[in-house]
Amino acid sequence: MSLNTLWFIFIAVLYTGFFILEGFDFGVGILLPFLGKNDTQRRTIINTIGPHWDGNEVWLIAAGGATFAAFPNWYATLFSGFYLPLFLVLIGLIVRGVAFEFRSKDENPTWRSLWDWCIFTGSLLAAVLLPIAFSNLVRGVPIDANMQYVGGFFNLLNPFALLAALAVVVLLIFHGAAFLSIKTEGELEQRAKGVVRSLWLLVVLILVIFIVTAFITTDIRLRLSVLPILFPVLGAAAILISGYFLRKEQYGRVFLMTCLTVAFVVLTIFAFLYPRVMVSSLNPLWSLNIENAASSFTTLRLMTIVTLIFLPIVLLYQGWTYWIFRKRVSGDAKKLTY
């Protein structure tokens, strides 16, 4: 396996980890104003993700950094062409992070309500705009022979990308509700379980519509091989199995299945892209791929050595934080940090 392929896989894994971990964060943030009926319940919801949200975002930073270092031409075309949506994602993540820290600084209900809606808005912005960006990577955008994006912002808001955004938002709300159902107690836990039960069929229907639309509007039907077929099949199996565990009221396993569904959705995108990294809608020969978008062999080799040293440390540390904060969050206001 070449280093170019290795780093393409590594970046796919980083984005997969990000959408699994930050995905339930986004779902919880979107549900916050609706599930929390009073301040203590909203604090309880925030405390379920309080110890993890900033660590989860590191996966996105690592993915962006790896893209910059391993595939500089991909990074340049992506971040210049998708500048506005990615800028809005950044603003949303900043506002959301500030809201987590500032919300509990004052007991004024108006102050706290303001930051609750900031958490909702920041979570929703990222959940909508990131799938718009990723779906356009597969669908294709106007890239010329010089690897320059020559379209505008509204080229990105096509029906396929908007359908992808809708599908991902609903999936992440389902994912976040499943997480809350295993991290909260009492009335809040029952309310989260109610959201999971009511959303399952909708998630299945939207994902089916999205898969059919993807086959019609993109060239993935021409690129069928083992992995591009295996990943969506496994994703479909995971979401259907989550329905079985839902009927058994085994919500921990439902959450595990939503993690797998999110993972296979992201891996499907990268499997259909490979070896391309951005598809040109003007001419397939102008698409960016793992060869013309990559750094030198020396750079990739150095990055690989550094990653092999530090990646296990980062994984162990993050796994340790999830183990430490593995218990349910009670509704006792005296024990809430945020």
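Modeller: Of the 338 residues in the protein chain, 53% are buried, where buried means under 20% relative accessible area, exposed means over 50%, and partly exposed covers what lies in between, with a 1.4 Å probe and protein chains only. This is a predicted model, in which local features need pLDDT of at least 70 and side-chain atom pairs count only at pLDDT 80 or more, while totals for chains, interfaces and linings use all residues. Residues are numbered from 1 along each chain as its sequence is written, and side-chain values use heavy atoms, leaving out hydrogens and water.

The protein chain holds 11 helices and two strands, where helices (H or I, at least four residues) and strands (E, at least two) are DSSP runs numbered from the N terminus. Along the sequence their pattern reads α-α-α-α-α-α-α-α-α-α-β-β-α.

Now to the part you asked about. Side chains of opposite charge can pair when their charged atoms come close. A salt bridge is counted when a side-chain nitrogen of Lys or Arg is within 4 Å of a carboxyl oxygen of Asp or Glu, and by this rule there are 11 salt bridges.

Begin with R96, whose side chain meets that of E22 in a salt bridge at 3.0 Å, N to O. Because E22 lies in helix α1 (residues 3–35) and R96 in helix α5 (residues 83–102), this pair ties together parts that are 74 residues apart in sequence. Both E22 and R96 are buried. The side chain of R96 also forms a salt bridge with that of E57, at 3.3 Å, N to O. Here E57 belongs to helix α3 and R96 to helix α5, so the pair joins parts that are 39 residues apart in sequence, and E57, like R96, is buried.

Another salt bridge joins the side chains of R328 and E189 at 3.7 Å, N to O. This pair links distant parts of the chain, with R328 in the segment after α11 and E189 in helix α8 (residues 186–217), 139 residues apart. R328 counts as partly exposed because its relative accessible area is 37%, whereas E189, at 12% relative accessibility, counts as buried. Elsewhere, a network of salt bridges links D39, R42, R103, R112 and D116.

Leaving aside residues up to four places away in sequence, L31 touches I173, G176, A177, L180 and V195, a contact being heavy atoms within 4.5 Å. L31 and V195 are 164 residues apart in sequence and 9.5 Å apart in space, C-alpha to C-alpha. Over the protein chain, 81% of the contacts between residues at least 6 apart in sequence join residues at least 24 apart.
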